[in-house]
Amino acid sequence: MWIELDGLREAAASRQIAALFDADESRAQEFSLKTDGLLFDYSKTSIDADAKEALIRLAEAAGVAAKRTAMFVGEKINVTEDRSVLHTALRNLDDEALVVDGQDVLPEVRETRARMAKLASAVRDGSFPGNGKRITDVVNIGIGGSDLGPLMAVMALEPYADGPKCHFISNVDGADATDTLAGLDPESTLVIVASKTFTTQETLMNARTVLSWAGGQDALGRFVAISSAVDKCAEFGISAERVFGFEDWVGGRYSVWGPIGFSLMLALGPKAFESFLEGGQAMDRHFYDAPFEKNLPVLLALVGIWHQQVCGHATRAVLPYEQRLARLPAYLQQLEMESNGKGVALDGARLDRVAGPVVWGEPGTNGQHAFYQLIHQGQQVVPCEFMVGAEGHEPALGEHHRALVANCLAQSEALLKGRTEAEARAQLEAKGVSGAKLDQLAKHRVFEGNRPSTTLVYPSLTPYVLGQIVAMYEHRVFVEGVIYGINSYDQWGVELGKELANGLVPAMEGKGAPAGSSASTLALLDHILGMRE
Ligand code: F6P
């Protein structure tokens, strides 16, 4: 399956992206895609027409189309957990049925969403809790997928937020709860305990701490629980009318579309939340229907495969030129790395190639004044994924937005073109530098260029657009996972550390380290316990 693509490696290594533009006047149009208000430009990569065709053939050979159908209709493609993968059902706003295992799964999704909307509206209009203070603040306690999705989305959609202010506690470090709760009034704070399993150590510890801050059992009337394990929510003491369940066919990192997104619904209101779902569903339709060569998530995935498998780039940077997408890179780190950071294929055989790159990033323009040095001149090539809105939400600060977009475009241009030594010398000479100093300085001012990037342009960051973007990345992960032949929907790699941490908690209470602990861990423990005495 990979032979054709592997055969392109050598040619790709010597290819100059700028030369591709010289050879093809319409490259910018041919290697970009416009759909539903989005423009995805991948012309500043070393993918040429042959490479594009080979990549598409790779996706076909991997069976992406058949597996895509299997996912949407609810086949149990999460084979190691024997589960369907149906987060798309959470944003399915159609009237039709979606029958899985002989049962239509959509009525329950709709009913839960309606219950969420009812409570969210009551909180927002002040009729909840009724006999107490009006809710002004919401604290979402959760971690991983039960935190990053709503946190990222609440921050992204701040201009649409007209409800209570949302805060997030995730870290088991007591600093997180302490700093988040400082200044909040328990009587006007709604607490959401969000945990798919309702067994996560960090979340339950934080939930107990916040319950005690809120006033103990009497405060449970202002607690909401979100989980697949609704029985455990009852054990915690949260009344059934404020428990929102979801099925185990929603993976944690894919769960922002349902009850886990309750804080987003509280912040924006049910209508705008639905607009977020509409954006996600529109991307689902596009992903399902569009031919591969015009399919945004498929192309995004193939660019990722190209960079990692053909060009050998081990990381990719997500660089939103949108301050409110500050947590998108962290969200994508979980989405992509927990999904595709795998070492074995579906059948358990060891993969013969590395699946899933390291994903990282920060909003531009801040990154420019920090790590872009390495991106421009470091020896490691980092494919950059820029994204920017054509418009911002601050019309009074149009100057800022123009500068923001200019910076975004300038970076991809600089990465593409670079600067030769001759150009560097000419620039220095124009400033009056000459002789040995000129020889010395010019080399430091060379930019090799030929560094790949993609740019996603969206109209402006609305709930609908955010829905499109998040669903686009979800499907990219799916396509890459299918091509690598892995299960993108389990996460066994997080288990070992959790088990060992459970064993080390008693050790931190001085009860002795678990048998078989390494000499290093024993020494570290000893040192820490000694310092704490
Ligand atoms: O440990 C990883 C993980 O299981 C993630 O997959 C998940 O999003 C997170 O922990 C939180 O899990 P839960 O929602 O069950 O508390």
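A: There are four cavities of 30 Å³ or more here, a cavity being a set of points, on a 1 Å grid over the protein atoms alone, where a 1.4 Å probe fits but cannot get out. Volume is the space filled by probe spheres set on the points, which are joined across faces, edges and corners. Keep in mind that this is a predicted model, where local features need pLDDT of at least 70 and side-chain atom pairs count only at pLDDT 80 or more, while totals for chains, interfaces and linings use all residues. Residues are numbered from 1 along each chain as its sequence is written, and side-chain values use heavy atoms, with hydrogens and water left out.

The largest cavity holds about 140 Å³. It is lined by 15 residues, with Leu 90, Glu 108, Val 109, Thr 112 and Gly 245 nearest its centre; to count as lining, a residue needs an atom within 4 Å of a point. Helix 8 (residues 106–125) supplies the largest share of that lining, five residues. Helices here are DSSP runs (H or I, at least four residues), strands likewise (E, at least two), numbered from the N terminus. By class, the lining has nine nonpolar, three polar and three charged residues.

The second largest cavity has about 50 Å³ of space. Its lining includes His 307, His 313, Arg 316 and Arg 476. Helix 15 (296–310) and strand 10 (315–321) are the elements that give two or more residues to it, and helix 15 gives the most, with four.

Now for the open space. The largest pocket holds about 1100 Å³; a pocket is an open set with protein on both sides within 12 Å along at least five of seven lines. It is lined by 43 residues, Glu 338, Gln 491, Val 494, Glu 495 and Lys 498 being nearest its centre. Helix 11 (201–214), helix 16 (328–340) and helix 22 (495–508) each give two or more residues to this lining, and helix 22 gives the most, with five.

The ligand sits in the largest pocket, meaning that more than half of its atoms lie within 2 Å of the grid points. A backbone N or O atom of Lys 196 is 2.7 Å from a ligand oxygen, and a polar side-chain atom of Glu 338 is 2.8 Å from a ligand oxygen.

Definitions and conventions:
A polar contact is a pair of N or O atoms within 3.5 Å; within protein, one must be able to donate a hydrogen and the other to accept it, and residues adjacent in sequence count only if both atoms are side-chain atoms. Ala, Val, Leu, Ile, Met, Phe, Trp, Tyr, Cys and Pro count as nonpolar, Asp, Glu, Lys and Arg as charged, and the others, Gly among them, as polar.
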